[in-house]
Amino acid sequence: MASWAIKETFHRVTAQAGSTAKKWDKEELIRCRAIGTDITTEPNLEGRAHPLFTDWIEVKPELHRELKQPILLASKILEAAGLPWLSDFLIDDIFDEDYPGRERGSFSIPIFAQKESTAPHSIVRHYRDPPVPRVKQKRWMRSTRDVLRNEFPKLVQWQIDEDIFRQKGWNGYTCRHPRGNLPLSEVDRYETIEEFDKLSLHDGSRNLTILVMAEYPARLAELRREGKARSEEYLITAFMLTVTILHELGHAIYWRDRRSLTQDLREPFYGGDLEMELGDSFIAAIFGGWIPVPVRPHSRLRKDFSFADGVAWRQVLNWDHHRMRPKYRAHYSIPVDYIARLFTEASWSTKPSGIKALIRPQYLAGNSIALRTTGLHMTLTQENKHATAAIADFHRDGHNWVWNRRPGAWFRIVQYDNCVFPELELPMAADGAIYEPLSREQLETAPTRDPPPPPPSPSSIVEINPMELEITRTSTSLITDAETETTAQTEVRVRGGDALLSSLPSPSKMKAAVGVGASEVAVAVVLRPSPRKSEYSPRKFALVAKIPRPLSGGPPVPRCGMGVSKPRKRDRAKTLPLARDRVVGGQEKQARESPSASPPSGEAQEEGQEQEWRHRKGAKHAGKAKPLQRTRVDEEDGEADEGGEDTSCTRPGGCRDSRGGEISVDELKKRLSQLIGVSLTELEKLFEGPQCKSVGVE
């Protein structure tokens with residue numbers, strides 16, 4: 001007797017890269033030589049320290065001894081791999097009015113600077129395609145080396161601080177004025193910086209004090225007293241001290257100029273970086289897209305400062321490779337052998353071409369899969385190259401989950417900078433979301449491209465609930481339809497019932513204009529099938545909406561749940577024959593019970609009859625288990641192609657069917673019910689859930 005089964009014809013959504021957590025495995029760390037090695041190498045670097053790292057304030061002799069090897073390593077790395085990144089701040093006057101990095105459209109978030117501020121929004125990368133002649137590059141490098149050796153050291157002092165890690169949890173900090181005896185609570189106030197700028201003896205520049213936590217040299221001195229100066233923990237601790245010194249130099253190169261001062265003390269983005277953190281950007285440029293971090297959690301490290309658990313490479317997100325922010329950031333362990341080679345003088349006697357390979361991790365930098373993707377490349381663990389972990393990049397804030405973010409440091413894509421729903425898949429940003437500015441030399445040889453759109457004004461930012469299918473259109477006599485059209489994309493993954501925040505629209509689709517004196521904005525919402533696929537989700541729908549950005553001194557921050565509806569978990573039993581029969585039966589029962597108490601009349605009666613006919617037609621064919629068909633919509637005449645219904649909407653004024661009549665919310669719900677293969681009762685439960693009510697969905 002033959003057995004019969006209904007074959008599933010829909011596409012299952014695979015696990016999204018970067019959406020799964022993975023803890024550190026101690027056995028993996030030992031196998032990949034991140035801890036538990038028998039290395040007995042003592043740092044033996046030779047030479048002179050770079051002039052930038054020589055002026056230390058009141059350091060005890062015991063601690064100053066432990067600074068020698070980390071400073072020598074920082075000097076060698078700076079000369080070998082740090083000059084290109086630093087030169088981007090010195091080639092042009094980044095505070096000039098014609099600097100390309102001042103373009104407002106060079107990134108997706110709208111930043112409204114002070115009226116008198118000349119601070120750039122992003123730093124232009126000069127060493128990228130299209131390439132600049134090598135003669136000019138050598139001239140830039142020579143000029144940068146001169147500034148770092150002669151002018152910059154006069155502005156910088158270094159200080160070992162015993163409070164910043166204990167009180168603030170900082171490894172280092174770049175103070176934008178001389179520290180003196182000021183407590184940490186009074187450091188870097190806007191008024192304090194202004195007063196010290198007036199007293200500065202350097203024309204156009206300011207004096208900086210770079211603080212380094214005292215726990216670094218204190219732990220090194222303690223290990224030396226215990227006879228562990230040749231141990232792996234000593235090497236790792238000295239290496240992390242080197243990283244901290246270089247990290248703070250990435251901040252100091254920008255803040256040395258007095259014109260960098262703004263009320264919010266904001267830094268610019270660098271190049272295609274998606275995170276606003278110049279220190280991490282500098283470290284990532286040196287090590288090929290990765291920054292070293294402790295394996296031990298920060299909360300535990302503050303209680304017991306030790307690197308006995310090892311250190312790891314943390315992925316830095318860049319527009320060159322990434323179009324989304326993973327919920328769990330990829331980490332790869334750092335072998336102790338790699339650190340030991342850096343502290344060996346013989347390793348630095350190789351050719352200049354080999355120095356780059358010495359500094360950057362062999363299997364993670366360059367064109368590696370681990371660098372280009374947001375998930376874990378487990379092959380490296382299987383081959384005992386790197387142990388792996390995926391650490392959460394979000395945390396609990398009251399009743400909501402929010403992305404991790406340093407104070408004042410924004411994420412470049414607005415959707416990844418506020419709230420996050422761990423159970424939802426994340427959208428990918430469109431290719432036109434970010435326009436990285438080009439240098440003047442690159443603009444001369446690069447192909448022409450459309451100029452990036454200006455950011456919307458604060459008055460044009462409108463809060464919209466993307467799950468509401470009816471939006472009341474309000475307007476005034478001062479605003480016309482053409483003037484007030486505001487569009488952006490929000491993706492909805494229909495198969496799982498998930499409402500997602502948007503991937504950003506291309507510049508050609510984003511329009512915002514507000515009339516003078518207008519206080520109301522007309523908004524159009526368009527629901528249409530989108531044929532675009534991604535590597536994460538096979539089918540997506542686009543719903544037009546505007547996601548506002550929290551601004552300092554600007555419009556209020558929207559509530560955390562705005563525009564997002566938590567999904568009901570998909571019941572796998574619905575794909576079985578009996579469950580599908582129950583769905584069809586429920587639709588037929590709903591169709592019989594749908595007439596209202598009062599009989600309709602006129603056009604309403606005709607519309608109700610057609611709705612019932614459409615509903616029964618959909619219920620008749622619901623049990624055939626056909627795959628979802630993509631519906632193409634002709635936006636010019638509003639008519640659907642053969643084989644699909646028309647789900648297009650007119651711009652302002654609500655949704656219309658192919659005959660031009662108004663479509664009610666009930667009809668839209670019925671169509672959505674047929675489209676995703678669930679009954680109206682189940683769909684109503686989704687809309688009546690507490691998550692939908694919290695964002696105003698009715």
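## Strands and their pairing

Two strands pair if DSSP finds at least two bridges between them. Strands (E, at least two residues) and helices (H or I, at least four) are DSSP runs, numbered from the N terminus. The structure is a predicted model, in which local features need pLDDT of at least 70 and side-chain atom pairs count only at pLDDT 80 or more, while totals for chains, interfaces and linings use all residues. Residues are numbered from 1 along each chain as its sequence is written, and side-chain values use heavy atoms, with hydrogens and water left out.

Strand β8 (residues 311–315) has two partners. With strand β9 (residues 328–333), β8 pairs in the antiparallel sense over 3 bridges, and W313 stands opposite Y332 in β9. Strand β7 (residues 290–294) also pairs with β8 in the antiparallel sense, over 5 bridges; here V293 stands opposite A312.

A residue is called buried under 20% relative accessible area, exposed over 50% and partly exposed in between (1.4 Å probe, protein chains only). Strand β8 is largely enclosed by the rest of the structure because 5 of its 5 residues are buried.

In a regular strand, side chains alternate between the two faces of the sheet. In β8, V311, W313 and Q315 point one way, whereas A312 and R314 point the other way.

## Nonpolar cores

A nonpolar core is a set of buried Ala, Val, Leu, Ile, Met, Phe, Trp, Tyr and Cys residues joined through side-chain atoms within 4.5 Å. In soluble globular proteins, nonpolar side chains tend to be buried together. The largest core here has 94 residues, and F53 and F239 have the most contacts inside it. Helix α7 supplies the largest share of this core, 15 residues. A second, separate core of 17 residues includes W319, Y328, L426 and A433.

Contact means heavy atoms within 4.5 Å. Beyond its neighbours within four places in sequence, F239 is in contact with residues including L73, F287, P292 and F343.

W255 lies in helix α7 (residues 232–255) and is buried, at 1% relative accessibility. Although W255 and S205 are 50 residues apart in sequence, their C-alpha atoms are 8.6 Å apart in space. Residues up to four places away in sequence aside, W255 touches R176, R206, L208, S260, L261, L265, R266 and E267.

L380 belongs to helix α13 (residues 379–382) and is likewise buried, with a relative accessible area of 5%. Its C-alpha atom is separated by 9.3 Å from that of L364, 16 residues away along the chain.
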